[in-house]
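Welcome! Take a moment to look at the sequence and the 3D view, and then let us walk through them together.

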Amino acid sequence: MLRVRIFLCEGCGTAHADPEEPPRCCACGRASLTELDGRDGAAAYFSPSRDAT
Ligand SMILES: [Zn+2]
């Protein structure tokens with residue numbers, strides 16, 4: 001079963017939904033992506049109550 005994980009670009013904040021970590025950000029090309037916690041990463045990222053810097 002393929003599970004989609006969420007990777008957040010530390011450079012521009014773009015979220016990537018992928019089963020595997022992308023080699024780089026598709027928006028700015030930065031190579032450091034942070035995987036959000038699989039437990040509720042997507043919900044946390046897309047929640048309006050969370051204002052990540
Ligand atoms: Zn980026």
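Residue numbers start from 1 along each chain, following the sequence as written. This is a predicted model, in which local features need pLDDT of at least 70 and side-chain atom pairs count only at pLDDT 80 or more, while totals for chains, interfaces and linings use all residues.

**The overall layout**

The protein chain holds one helix and three strands. Going from the N terminus, these elements follow the order β-β-β-α. Here helices (H or I, at least four residues) and strands (E, at least two) are DSSP runs, numbered from the N terminus.

The three strands form an open sheet in the order 2-1-3, with antiparallel pairing. Strand 2 (15-18) and strand 3 stand at the edges with a single partner strand each, so one side of each has no neighbour in the sheet. On average, neighbouring strands of this sheet are turned by 30° against each other, direction ignored; the axes behind such angles are lines fitted to C-alpha atoms. Two strands count as paired if DSSP finds at least two bridges between them. Strand 1 and strand 2 pair in the antiparallel sense over four bridges, and R5 has D18 in strand 2 as its bridge partner.

**Two residues to look at**

Is L33 buried or exposed? L33 counts as buried because it has 21 C-beta neighbours inside 10 Å. R3 counts as exposed because it has 6 C-beta neighbours inside 10 Å. The cut-offs are 20 or more other C-beta atoms within 10 Å for buried, 12 or fewer for exposed, and partly exposed in between, with C-beta atoms placed from the backbone. Buried residues make up 8% of the 53 residues in the protein chain.

L33 sits in strand 3 (residues 33-35). Leaving aside residues up to four places away in sequence, L33 touches F7, L8, C9, H16, E21, P22 and C25. A contact means that the C-beta atoms of two residues, placed from the backbone, lie within 7 Å. Of the contacts in the protein chain with a separation of 6 or more, 29% join residues 24 or more positions apart.

The table lists two pairs by their C-alpha distances.

| Pair | Apart in sequence | C-alpha to C-alpha |
|---|---|---|
| L33 and L8 | 25 residues | 5.4 Å |
| R3 and D18 | 15 residues | 8.2 Å |

Conventions: Axes are lines fitted to C-alpha atoms, for helices over the stretch in contact, and angles run from 0 to 180 degrees between N-to-C directions.
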